[in-house]
Amino acid sequence: MSPAKEIVIEGLGVSSGIAIGEVHVRESGAILVPEYTVKGAKIEAECTRLEDALKVAQRQIGRLKTKARNLPPAAAEEMGLLLEAYEQMLEDSRLVRGAFRRIREDKINAEFAVQAEINEITRGFAALDDSYIAARMDDIREVADRLIRALTQSHVKPLNTVPKGSIIISEDMTPADTAQLNPKKVLGFATVLGGAQGHTAIMARALGLPAVLGAPGLLGAVKTGDTIVVDGNQGRIVINPKPSTLAAFEAKQSAHRKRLGRLARLRRQPSVTRDGTEISLGCNVELPIEMPGVLDTGASNIGLLRSEFMFMNRDDVPSEDEQYKTLRDIVKAMNGRTVTIRTLDIGGEKLAQSITQDIGESAQSALGLRGIRLSLKKSNLLEDQLTAILRAGAHGPVRILLPMVATQQEVRKTRDVLKKLVRKLKRKKVKIADPIPPVGVMIEVPSAALTADALASVSDFFAVGSNDLTMYTMAVDRTDEQVAGLYNPLHPSVLRLIQFTTEAALRARIPISVCGEMAGDPRFTALLLGIGIRELSMSAHALGPVKQRVREIDLAAAQNRATVIMGQTDSGRIAMLLDDFNTLV
Ligand code: PEP
Ligand code: MG
């Protein structure tokens with residue numbers, strides 16, 4: 001048998017490193033479909049759920065269609081036709097009409113209605129022993145599965161059971177899916193959809209897993225068991241590599257590991273610029289599994305604890321006590337170093353079914369009910385979370401960070417809730433943080449940046465979320481690979497907002513840090529220091545490279561270059577001035 005042909009596919013390299021392993025294709029497995037009856041007014045609401053799921057599925061197919069255009073012409077045509085057929089089925093088909101009818105007549109939930117309809121269609125055709133019909137049946141089933149997944153918001157088979165040494169290949173991965181990956185078993189992953197700045201990419205970097213997202217044609221080119229290389233540095237995937245290709249990647253992999261080893265040795269070196277200015281380097285934490293890595297880096301704090309992990313991949317909301325215990329363990333592990341705990345930032349691409357199921361599309365929208373807006377609306381959720389943080393603060397220093405703040409009012413309201421809780425807990429003699437933890441805001445919405453002086457008057461500190469700030473300022477969805485080229489934190493608009501915020505914080509004498517992905521990229525270090533930032537927080541893997549960069553920088557030179565850069569209006573020229581400075585100093 002001749003060896004399988006080597007195939008190279010390009011995508012977005014979102015998490016560095018090179019993984020070489022065996023493909024594990026994530027198939028859409030059997031989905032557990034809940035069954036229940038719906039009555040009276042709830043029937044129309046159930047039809048609306050199905051309509052919403054149809055829209056989600058249509059959007060997914062739309063994105064796959066655009067991706068398919070990048071395939072070689074013959075494959076693009078074939079894939080295009082197939083996806084068009086799926087699209088038609090989602091618009092009007094026996095499946096869709098039948099599902100609506102069953103909700104209304106049989107008074108059953110939408111996913112069960114889709115399931116019942118597909119079962120009946122399948123039974124009708126199964127008797128015909130015809131390969132063409134069998135292929136069409138597979139297509140209808142694929143559409144039905146997609147709909148059921150959108151309705152249950154469940155994805156495909158759990159990822160925590162894949163064999164050791166696997167590289168996961170999937171159409172898409174949500175941040176919640178990524179959170180399930182066990183880096184002891186999974187070596188890396190690659191997907192057809194996904195942008196470089198979304199939380200899936202952030203999670204991959206946090207777990208230290210090489211990853212390539214947004215790779216068209218990937219699913220059609222691999223099968224489980226193939227040998228594959230995922231090069232997260234170059235954004236390249238090689239399926240069935242030739243021996244010479246494999247040897248070249250193995251050499252790159254070993255060079256990458258050696259470099260990481262060298263950087264790890266910086267752990268004990270102070271984070272100071274050449275002229276002796278101390279720069280605080282903290283870690284961002286997405287999952288408790290990262291804690292050993294965080295402690296290894298010698299980070300001076302956790303500058304951003306994304307609390308979403310406690311709410312993902314489960315059907316219920318964690319109790320206040322459960323949240324307290326999880327937070328307490330992290331606070332204790334940091335042994336006196338501050339942990340900045342962000343309240344829940346669910347919404348957008350980060351969904352937790354137990355919280356967002358009754359919110360519908362608004363929770364999925366980047367402009368919808370998310371972050372602090374959601375917490376203020378669901379007062380029990382906010383109260384439980386603030387109580388858990390206050391209690392965890394009895395074990396070490398913590399700060400409270402509010403996400404997606406757009407107005408002063410949101411901060412005031414949260415502070416009122418906090419004050420009320422403190423009084424209650426003190427009355428009940430519950431041990432809580434003393435003094436009350438500082439309350440800060442993420443600056444990640446242009447309205448917050450533009451009113452940074454007003455927000456500074458109600459906040460104890462700022463944390464610049466450059467990821468969302470870039471997204472909202474440029475009107476570019478972080479997760480959409482099609483506009484990834486427009487996502488640019490070096491655009492003067494983004495830089496001016498960061499500078500404006502920094503100046504407001506310095507005037508108000510409140511601490512300010514940057515905790516978006518810019519903070520973890522040594523390319524931006526000199527610029528951020530040059531405009532006045534002295535605190536950065538990043539994924540544990542980025543700390544070594546950023547510390548190395550900090551130690552090379554002369555602050556006066558960085559300030560001069562920042563002044564020149566901030567006078568520019570063209571992002572290309574800004575990039576050139578920055579890269580030029582980085583090669584010199
Ligand atoms: C940001 O937006 O920069 C940020 C740090 O928050 P997240 O990435 O969790 O949205
Ligand atoms: Mg954000």
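Guide: In this predicted model, Leu402 stands opposite Val441 in strand 13.

Visitor: What makes strand 12 and strand 13 count as a pair?
Guide: Two strands pair if at least two bridges are found between them. Strand 12 and strand 13 (residues 439–443) share 3 bridges, in the parallel sense, and therefore meet that criterion.

Visitor: How do you know that strand 11 and strand 12 pair?
Guide: The criterion of at least two bridges applies here also. Strand 11 (residues 339–342) and strand 12 are joined in the parallel sense over 4 bridges, so they pair. Ile341 stands opposite Ile400 in strand 12.

Visitor: Why is strand 12 called largely enclosed?
Guide: Because 5 of the 5 residues of strand 12 (residues 398–402) are buried, the rest of the structure largely encloses it. Val398, Ile400 and Leu402 are buried on one side, and Arg399 and Leu401 on the other.

Visitor: Which residues coordinate the magnesium ion (ligand 2)?
Guide: Glu444 (OE) and Asp468 (OD) do so, at 2.0 to 2.1 Å. Glu444 lies in the loop between strand 13 and helix 17 (446–450), whereas Asp468 lies in helix 19 (residues 466–474), 24 residues apart.

Visitor: Why are Glu444 and Asp468 called buried?
Guide: Buried means under 20% relative accessible area. Glu444 has 2% relative accessibility and therefore counts as buried; Asp468, at 3%, is therefore buried as well.

Definitions and conventions: Residues numbered from 1 in each chain as written. Chains lettered and ligands numbered in written order. Predicted model: local features only at pLDDT ≥ 70, side-chain atom pairs only at ≥ 80, totals over all residues. Heavy atoms only, no water. Buried < 20%, exposed > 50% of the residue type's maximum accessible area, 1.4 Å probe, protein only. Helix = DSSP H or I, 4+ residues; strand = E, 2+ residues; numbered from the N terminus. Donors = N, O, S within 2.8 Å, 3.2 Å for Na, K, Ca; no water.
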